[in-house]
Amino acid sequence: MKKLIITSALVLSVVAPAFAHHSPAAFEPQKTITLTGTVKEFRWQNPHSWIEVMVPNDKGQEVLWAFELTSPTYLVRAGWKSNTLKPGDKVTISGRPLKSGEPGSAIFTSVMLADGRTLGERPARLGGPAEK
Amino acid sequence: MTMTGRATIALVLAAGLAAIPATMLAQGRGQAAPPAPAEPLSALAPENLSKPRPKAPFDLTGNWFVDTSPGPDAWRFGPPYPKLTPKAQKEFDTGMKLLKEGKVYKDDIGQCWPAGLPLIMTRYWPTAMIQLPTAIYMISEFMNSMRVVYLDGRQHTDPDIVVRTFNGESVGRWEGDTLVVDTRHFRGDHHWMDQGGASIPAGEQLRIVERIRLLPGGKQLEIAYTMTDPENWEGEWKSTKRFNRVNDIDIHEVECLPDLNDHLKSTRSKTQVQ
């Protein structure tokens with residue numbers, strides 16, 4: 001799994017904290033990983049949504065990754081709907097992983113859907129990254 | 001004595017006893033019953049709402065979201081931090097040590113404990129405020145945490161009977177164009193001044209005085225916080241935050257449900273240290 005993270009596209013970007021109910025301190029503040037996998041479950045709920053994605057590792061094994069998103073209140077304003085993702089969808093998804101290197105958890109930053117659309121999390125006026 | 005005579009005496013004695021106030025009887029047994037406190041009028045009682053009062057200098061009714069333009073850490077109340085007591089310093093040092101290891105120390109909010117003041121106001125969730133002549137009702141969307149700032153002239157509740165809470169008990173008064181809110185009676189366990197960074201506890205002696213101003217144009221409010229807690233730090237901890245009026249969102253039901261963390265692996269991971 002470690003190898004997968006290292007070989008994944010690493011992108012540096014300044015992001016505001018995507019605030020879940022828990023502390024963001026265990027997650028990388030700036031470094032993001034990008035993984036390609038298959039959606040297992042997408043839950044649309046408060047206080048925040050999540051996407052579970054099965055990602056193949058370098059041994060061909062499927063590994064469960066949970067990407068933690070903000071509340072639907074903000075996701076709607078970033079173009080999301082409750083049916084934006086469904087099980088079986090292929091996605092390329094980015095997020096900030098745990099500093100510890102433990103695989104499987106990331107704070108969501110963006111996703112590229114099968115139709116080519118890319119969705120973020122929330123507009124800048126509600127705590128999202130500054131618009132460029 | 002005839003039966004009629006005994007009955008007459010019994011009736012007279014019973015009437016006499018009934019006429020003695022209960023407090024006198026209690027005193028007679030050496031137990032002075034304290035007078036029952038007068039029940040204050042509810043902040044929503046029509047008689048309270050309709051009392052004549054000076055017009056409030058501003059109305060905070062609306063939805064407010066902390067201004068994040070100063071940076072992604074705009075929700076935090078430090079650094080700088082005040083000089084901590086040895087007890088709080090020990091917690092702070094433990095939290096910082098674990099932070100460097102990529103771990104989080106005592107993230108009670110992440111385990112569904114209430115955030116409490118002051119964090120509940122700044123934690124990247126909107127707060128709905130409804131201002132009445134007698135009180136301001138504040139509901140954070142985050143876990144629908146409720147806070148009431150009483151404006152009807154009442155005093156803080158007797159510490160011996162108050163029920164301590166994570167948002168405390170807030171009593172406000174107008175000073176010119178500023179609303180000064182004094183909040184006391186906090187719960188002193190599972191209550192923190194930061195989340196997952198500066199692990200500074202909030203104790204029962206925490207007192208927060210907010211000076212609230214609505215800035216010209218009415219689109220931004222400013223809260224200047226002065227926070228004291230001799231159990232955990234020396235002197236006054238000051239911080240000023242701004243909040244933007246948000247007119248296109250409403251708050252919704254937000255609960256920390258028992259299964260929430262089951263799908264968030266980080267909250268069950270080795271990064272969490274209790």
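1. A quick definition before anything else: a residue counts as exposed when its relative accessible area is over 50%, as buried when under 20%, and as partly exposed in between. K86(A), at 51% relative accessibility, therefore counts as exposed. Its salt-bridge partner is D89(A), with the closest N and O atoms 3.3 Å apart. D89(A) comes out at 18% relative accessibility, so that end of the pair counts as buried. Keep in mind throughout that this is a predicted model.

2. On to chain A as a whole. The chain has two helices and seven strands, and along the sequence they run α-β-β-β-β-α-β-β-β. Of its 132 residues, 54% count as buried. Take the contacts in chain A between residues at least 6 apart in sequence: 58% of these join residues at least 24 apart.

3. Another salt bridge in chain A joins the side chains of R43(A) and E41(A), at 3.0 Å from N to O. R43(A) is partly exposed, with a relative accessible area of 26%, and E41(A) is partly exposed too, at 22%. Over all chains, the search turns up 22 salt bridges. In chain B, D73(B), R76(B) and D194(B) are linked in a network of them.

4. Now the interface. Chain A brings 37 residues to the contact and chain B brings 39. About 3000 Å² is buried between the two chains, with carbon and sulfur atoms giving 61% of that area. How many salt bridges cross from chain A to chain B? The rule finds zero, though four residue pairs are in polar contact there, both residues at pLDDT 80 or more. On the chain A side, β2 (31-43), β3 (50-56), β4 (62-68) and α2 (72-77) each supply at least two of the touching residues. That side divides into 16 nonpolar, twelve polar and nine charged residues.

5. Finally, the disulfide: the whole structure has one, between C112(B) and C256(B), with the sulfur atoms 1.9 Å apart. The link is left-handed, at -55° about the S-S bond. It joins distant parts of chain B, 144 residues apart: C112(B) is in the loop between β2 (104-105) and α5 (119-122), and C256(B) in the loop between β10 (237-245) and β11 (272-273). C112(B) is partly exposed, with 32% relative accessible area.

How values were computed: Residues numbered from 1 in each chain as written. Chains lettered and ligands numbered in written order. Predicted model: local features only at pLDDT ≥ 70, side-chain atom pairs only at ≥ 80, totals over all residues. Heavy atoms only, no water. Contact = heavy atoms within 4.5 Å. Buried area = accessible area lost by both parts, 1.4 Å probe. Salt bridge = Lys/Arg side-chain N within 4 Å of Asp/Glu carboxyl O. Polar contact = N/O pair within 3.5 Å; in protein donor to acceptor, adjacent residues only side chain to side chain. Helix = DSSP H or I, 4+ residues; strand = E, 2+ residues; numbered from the N terminus. Nonpolar A, V, L, I, M, F, W, Y, C, P; charged D, E, K, R; others polar. Disulfide = S-S within 2.5 Å. Buried < 20%, exposed > 50% of the residue type's maximum accessible area, 1.4 Å probe, protein only.
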